[in-house]
Amino acid sequence: MSQRLGDLLVKEKVITPEQLEQALKTQKESGARLGSALVKLGFLSDEDVTNFLSRQYGVPAINLSFFEIDGSVVKLIPQETAKRYQILPLSRVGASLTIAMVDPTNVFAMDDIKFMTGFNIEPVVASESAIMEHIEKAYGSSQEEDMEKVMASVAEMGEADVELTEDPTEMGLGELEKAADEAPIVKLVNLILTDAVKRGASDIHVEPYEKEYRVRFRIDGMLHSIMNPPAKLKDAITSRIKIMAKLDISEKRLPQDGRIMLKMQIGGKKKQLDYRVSTLPTLWGEKIVMRLLDKENLRLDMTKLGFEPESLEKFTKAILKPYGMVLVTGPTGSGKTNTLYSAISRLNQPDTNIMTAEDPVEFQLSGVNQVQMKEAIGLNFAAALRSFLRQDPNIILVGEIRDFETAEIAIKAALTGHLVLSTLHTNGAPETISRLMNMGIEPFLVATSVHLIVAQRLVRRICVDCKEEVALPPQAMIENGFTPEESKTVKVYKGKGCATCGNSGYKGRCGLYEVMEIDDELRELILVGASAVELKKKAIERGMITLRRSGLIKAMSGQTTLEEVARETVH
């Protein structure tokens, strides 16, 4: 605008070319607007500049000193946005919002505010000094209160020493960073991230609603409300998290995915942490979910995952075969990735070429060729698998079999001398066979390629500090799945609730596993198109421990409660 404004002022003989040159020089030195530079040098008054702009662009001029600003309208636009664009919301009539602007030609500002508020924008012109002064008045007190609330939250949560592994200042994100870089915001975000680690959370949810803004942690599979920062700070908090995750902070309309790598000092110990960040535009702003990928929580020792001895023996035997397919199934968050990574760690030898296609790559394993999927450029599981087969692999891990194409290539790979590990979303091991056939895979291909299927769930572990025995009538035990003989002798436990487990009675999680080995008898049933029910019946006859039975074994040994087993498995 400045060059055009200068030329127009000279053309209209409001100022001389010499005065313009001097004002441009002052503007360059101070970084202010041309209008402010002209006022500062005494060539024009604030009123002259606004009146000129008003005439030139056919936009009314306003003297803010005589205008009463509506407090509810001010809340429509965050303070950092108002400062960035040098605008002030004044009033709203129906679907129209009137805003005072220094530069009525700034279409970007108008578009942004129209998108943010959903109203049509009616601009009026006011001087820069008046707008900045009234922004301070309109937002000042409420912003101070918000900062006090943040500082109170920060004080409650305690201090933590956090260091980004890569410096975000190198990102050159300009003006939008200012609000996100304010000390209380930085502190608050750091403390949300560190508090999640201290509480053993697996996910952090930062959620905006119409009248509240809340932070929840998923601890041992359950969501808990942790804090409610002031709703006005949502833009600053969102921007801060997006800056840390190297996301585009100006893009608020589309979902984005990123990663935050942090070094943290917790309890005198330095930890390297990794957060997978996902943003999603919702009705009231962007919801952010951060999955905490803590390498220390990754159990790569298969014997410690919670398999029953006979199930572990079958699983180990299947992954040590030179070819064939081993599938791990279960819902999101049931620990499938951990089981597969444990299998890969067991197989990772200098003489073995392991290739993985993952979406996303959760943990980096040394000696393993991991490939991140990028759907936008056509790098999906099927495309990666095709390339893998030209890379002389011994073992292939496919993050998930989602469609016929991926399933077909994976099965062909399993039949041509490769060990293929993958996951599927099904409820149990026998249902996985039906799922593959429903995708369009021929029964004989399924029967010959699949060697073993593991279905798994995660249940909460009873807190060891407040564990106590529970007296249950034998009938209730039988209804849960125990045999009449077991119901007379078995002891079950629960957590009473204490400070260690936050009065929940649970601390940590353990896995339940259903391992179905595809032997000759099951192969014959698959070839004749048997249902999942028939396959399950035959597998139990052949010694398969079901998910419910695995849960009952864990309950008998005092690791979990019958309520948890009933919540995650069917009888």
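Predicted model: local features only at pLDDT ≥ 70, side-chain atom pairs only at ≥ 80, totals over all residues.
**Ring pairs, salt bridges and a buried arginine**

Both Phe307 and Tyr513 are buried.

How many aromatic pairs does a search of the whole structure find? The search returns three. In one of them, the ring centres of Phe307 and Phe315 are 5.2 Å apart and the planes meet at 20 degrees, so this pair counts as stacked. Phe315, like Phe307, is buried. Phe307 also forms a stacked aromatic pair with Tyr513, with 4.0 Å from centre to centre and 20 degrees between the planes. That pair links distant parts of the chain, since its two members are 206 residues apart. Phe307 sits in the loop between strand E10 (285–293) and helix H12 (309–319), whereas Tyr513 belongs to strand E19 (residues 506–517). Through these ring pairs, Phe307, Phe315 and Tyr513 are linked into a cluster.

I turn now to Arg214. This residue lies in strand E6, which covers residues 213–219. Is Arg214 buried or exposed? Its relative accessibility is 18%, and because the limit for a buried residue is under 20%, Arg214 counts as buried. Its side chain makes a polar contact of 2.8 Å with the side chain of Glu207. A polar contact of 3.2 Å joins the side chain of Arg214 to that of Tyr209. If neighbours within four places in sequence are left aside, the residues in contact with Arg214 include His205, Val206, Ser225, Met227, Asn228 and Pro229.

Glu207 is buried, with a relative accessible area of 2%. The side chain of Glu207 also meets that of Arg216 in a salt bridge, at 2.8 Å from N to O. Arg216 has a relative accessibility of 17% and therefore counts as buried. Tyr209, for its part, is placed in the loop between strand E5 (201–208) and E6. With 32% relative accessibility, Tyr209 counts as partly exposed.

In one of them, Glu133 is paired with Lys137, and the closest N and O atoms are 3.4 Å apart. These two residues are four residues apart in helix H8 (residues 128–157), so about one helical turn separates them. Glu133 is partly exposed, at 43% relative accessibility, while Lys137 is exposed, at 57%.

Asp520 and Arg523 form another salt bridge, again with 3.4 Å between the closest N and O atoms. Here the spacing is three residues within helix H20 (residues 520–527), which means that Asp520 and Arg523 are also separated by about one helical turn. Asp520 counts as exposed, with a relative accessibility of 57%.

Finally, which residues are linked in a network of salt bridges? They are Asp519, Glu521, Lys538, Glu541 and Arg542.

To close, I return to two points. Phe307, Phe315 and Tyr513 form a cluster through ring pairs. The buried residue Glu207 has a polar contact with Arg214 and a salt bridge with Arg216.

Conventions
Residues numbered from 1 in each chain as written. Heavy atoms only, no water. Buried < 20%, exposed > 50% of the residue type's maximum accessible area, 1.4 Å probe, protein only. Polar contact = N/O pair within 3.5 Å; in protein donor to acceptor, adjacent residues only side chain to side chain. Contact = heavy atoms within 4.5 Å. Phe/Tyr/Trp six-rings, centres within 6.5 Å; stacked < 30°, edge-to-face > 60°. Salt bridge = Lys/Arg side-chain N within 4 Å of Asp/Glu carboxyl O.
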